[in-house]
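These are my notebook entries on one protein chain. I set down what I looked up, in the order in which I looked.

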Amino acid sequence: MFTKNYFKIAARQLMKQKMYSAIKIGGFALGIAACLLIALFIRDELSYDRSYPNADRIYRLAHEYDDNGKAGMSVFCPAPLAGVLKTHFPEVEKSGRIMASPLFEGAGSNQMKKEEGGQSIYEEGFAYADQDVLDIFGIHMVYGDATHALDEPNTMVLSRRKADKYFPGENPVGKIIYLNNNRKNPYKIGGVMDDFPSNSHLQFDFLLTMKGKELWPGEQTYWVTTNYRIYVLLKPGTDIAGFESKLTSINKQYLLPSLTAEGFKDANRMVASNIFHVEPVKSIHLAADRDGLQHGDMRFVWLFGGIAFFILFIACINFINLATAKSASRAREVGLRKVIGSYRIDLIRQFLAESLLFSVLSFALALVVAWLLLPYFNSLTSKSLVFPWTAWWLAPVLLVSSVIVGILAGLYPSFYLSSFKPIQVLKGQLSLGSKNAGLRSFLVVFQFTTSIVLIIGTIIIYTQVQYILHKKTGFDKDQVLLIQGTNAMGEEIRTFKKELQRLPQVRDASIGDYLPIDGTKRDGNYFFKEGRTNIDDHVSGQFWVVDEDYLPTMGMRLVDGRNFSRQMATDTQAIIINQSLATRLNLGDHPVGKRITNGDGIRTVIGVVENFDFETVHGREGIEGVSMILGISPSIVSVKLNSADMKSVIPAITGVWKKFVPDQPIRYTFMDEGFAKMYEDVQRMGKIFTSFAVLAIIIACLGLFALSAFMAEQRSKEIGIRKVLGASIAGITSMMAKDFVRLVFISILIATPVAWWAMSKWLQDFSYRVPISGWVFVAAGGAAILIAILTVSFQSVKAATANPVESLRGEG
């Protein structure tokens, strides 16, 4: 189809118009580089949990529920359910549980120490698991027997990377590990497993056996609490819909009797709303976050895919715009070639060859650009993507893509340019490059509409993030230092806290790991007024263990009643609640003195604290109820500082720490950092919008710059005549710019309702949100106009200051 001669001529054209070629290739390359990076992201997101030997047969149990009219979906199940699935459902080949909640000792994070001694080292990634979990996922063992690695009580399995860290070059099976300096409960290493791949939703380095483990006495046969994620390996050919329908028998046979025995008045309603489902393991990563693990988001995949399409489309628009803008300079070439016998199909092939050459060069440059931008893109998306340089499919995919994109981008210019009639061209009656500009105007409008939508989205996301981070939260997150791993101190933790309180830089301190930021303990409970357990519907809320200094350290305000006091013996049966829980329990205007229960004793309300945020403000309605009892939850000590001078504060606190735990380095974070981390996903979306808005504007401006250059070239004689007749430079510049500014105004009119609708939908996911103000649209529109004027002005001023003699020479 294409001969060598076509590409020779294409190469000459490329060298003949260097600026035109550079802009064409550069704009194309930027768009393609963005698409390559996004393609890597989407490929990674869609590859999760596909490497297990039996991935097609692995499912996770989930269930719908209705909590007093609040519908939801949970993946947390009762402890005995896994055993019932294995023994009563023939479709189930294996079933196993994972429990990673930091609410229970051992799960989440621990201080880890070898039996041989050495420093106690902080590690994360601990979870309790059944032996069957290793079998279900087909986890390969580096050392040890995969079929028995977690068979015995108090055994654990390490990942390869942790085994190399603690036992380099040796087989650690049978070695002893102590967690949190607890020598009464040592763990024996039962095996070393391969690291979970980065594209697995399971990211654990330590699996502790569930064999012989009870979170509390009787917990393993208790159906009312839900703490476990249950995975099943179904037998080949299982009818999923039929299996799910059979799961409803669990409600009547096990769940209803347990709820009734506990005295739940609404047991029948709770069971009726409890509908079991199974989730394919391959879909977990992109499903809604129901398990507290790191998740992807299908909305991000669609968003990225949409952005890639629009950016590539904008780059193709540049190509078409620039090719048709040059129609006048290519018209004589077309006319002469037709006169000497060229067929239209030959001209179409010629122009397509030029398009293919530009496309191949753009793809080559795009690879380099994408490789250079990959570290930034990884930081933007919180990924560790790498280019698959050695993959067999990379070169063929890129080559085929470059051909497809080149042909698609070149089709219209090829047919358009080859359609010129030689008689009209050679008589000088054709000047389509500047006159028939309807299509180019439409394409410029499309480019700037996309750019303006992205600019508006960026501004709104930024203002929403700032609003969230600086709104009133109900507690004071500033200058609160969180010292972690303090449970290693044992009984001395109270003394440690008192010594911290004596430091002049410290205002107050509190022992407790139930904090209003992510990554700390949560304990959901059902609450009732005293004597109403069998009468009222339950009220859901949090049940936190705090000490007497928790409220002043957190800066929380009591709106009624008093704080806890160690001097009052009755406070061991007291409870402080937030306004939300008081309202939901209908405790009236003065809740202090009322008595409530969560099934574990009756407690007297001694105080009501102002509502405070402790979960992200998107994806939920209002603030959940919270209760607090007096006690010790010793993993974290929070320190409210008097001074912002960290140079003196940190050494002073570290000095106190070393008195109590000399063999363990101090670990600390700041609460405001933890609060900001809760909204990393929103901040990341803002950075993504900003980056792609800048990219879209650069590509659009490259096209506009080249387009204005060619328009100035086409109108050079008109500009020369105007200058001879006395036109000013400002007047000529204004004349050249006004057409482009008019197109940007049209873009603003189109982009405004589109952006308003899209961002209104996005903001609906937040309990607290900023209003969409008119200044956002004015600012985005003004920025677009300014960018367009600056882009066009360079060529306009250049044309206006040119010597008119040069442009008018040859006329007459």
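**Entry 1: whole chain**

I took accessible areas from the Shrake-Rupley method with a 1.4 Å probe, and for residues only the protein chains shown count as cover. On that basis I noted that the protein chain exposes about 36200 Å², of which carbon and sulfur atoms supply 59%.

The model is predicted, so I noted its limits: local features need pLDDT of at least 70, side-chain atom pairs count only at pLDDT 80 or more, and totals for chains, interfaces and linings use all residues. Residues are numbered from 1 along each chain as its sequence is written, and side-chain values use heavy atoms, with hydrogens and water left out.

I looked up the overall extent and found that the C-alpha atoms fill a box of roughly 110 × 60 × 55 Å along the principal axes. For secondary structure I recorded 25 helices and 24 strands; these are DSSP runs, numbered from the N terminus, with helices (H or I) of at least four residues and strands (E) of at least two.

I then looked up burial, where buried means under 20% relative accessible area, exposed over 50%, and partly exposed in between (1.4 Å probe, protein chains only). Of the 812 residues in the chain, 53% are buried. Contact means heavy atoms within 4.5 Å. Among contacts with a separation of 6 or more, 79% join residues 24 or more positions apart.

I examined H22 (residues 716-724) against H23 (residues 729-763): their axes come within 10 Å and cross at roughly 150 degrees. H22 is therefore roughly antiparallel to H23. Axes here are lines fitted to C-alpha atoms, for helices over the stretch in contact, and angles run from 0 to 180 degrees between N-to-C directions. Angles under 35 degrees count as roughly parallel, over 145 as roughly antiparallel, 65 to 115 as roughly perpendicular and the rest as oblique.

Which residues of H22 and H23 meet? I listed Glu718, Ile719, Arg722 and Lys723 on H22, and Ile732, Met735 and Met736 on H23. By class, this contact has 4 nonpolar, no polar and 3 charged residues. I counted Ala, Val, Leu, Ile, Met, Phe, Trp, Tyr, Cys and Pro as nonpolar, Asp, Glu, Lys and Arg as charged, and the others, Gly among them, as polar.

I next took H23 with H24 (residues 774-800), whose axes lie 8 Å apart at an angle of about 155 degrees. H23 and H24 are thus roughly antiparallel to each other. Their contact has 19 nonpolar, 4 polar and no charged residues.

**Entry 2: single residues**

Is Ser21 buried or exposed? Ser21 is in helix H2 (residues 18-45), and I recorded it as buried because its relative accessibility is 3%. Apart from neighbours within four places in sequence, Ser21 is in contact with Gln13, Leu14 and Phe358.

I found Asp589 in the loop between helix H18 (579-584) and strand E20 (595-597). Asp589 counts as exposed because its relative accessibility is 74%. Its C-alpha atom is 9.7 Å from that of Asp560, which is 29 residues away along the chain.

I also checked backbone angles. Asn154, although not a glycine, has a positive phi of about 55 degrees; it lies in the loop between strand E7 (141-143) and strand E8 (155-159). With 28% relative accessibility, Gln479 is partly exposed.
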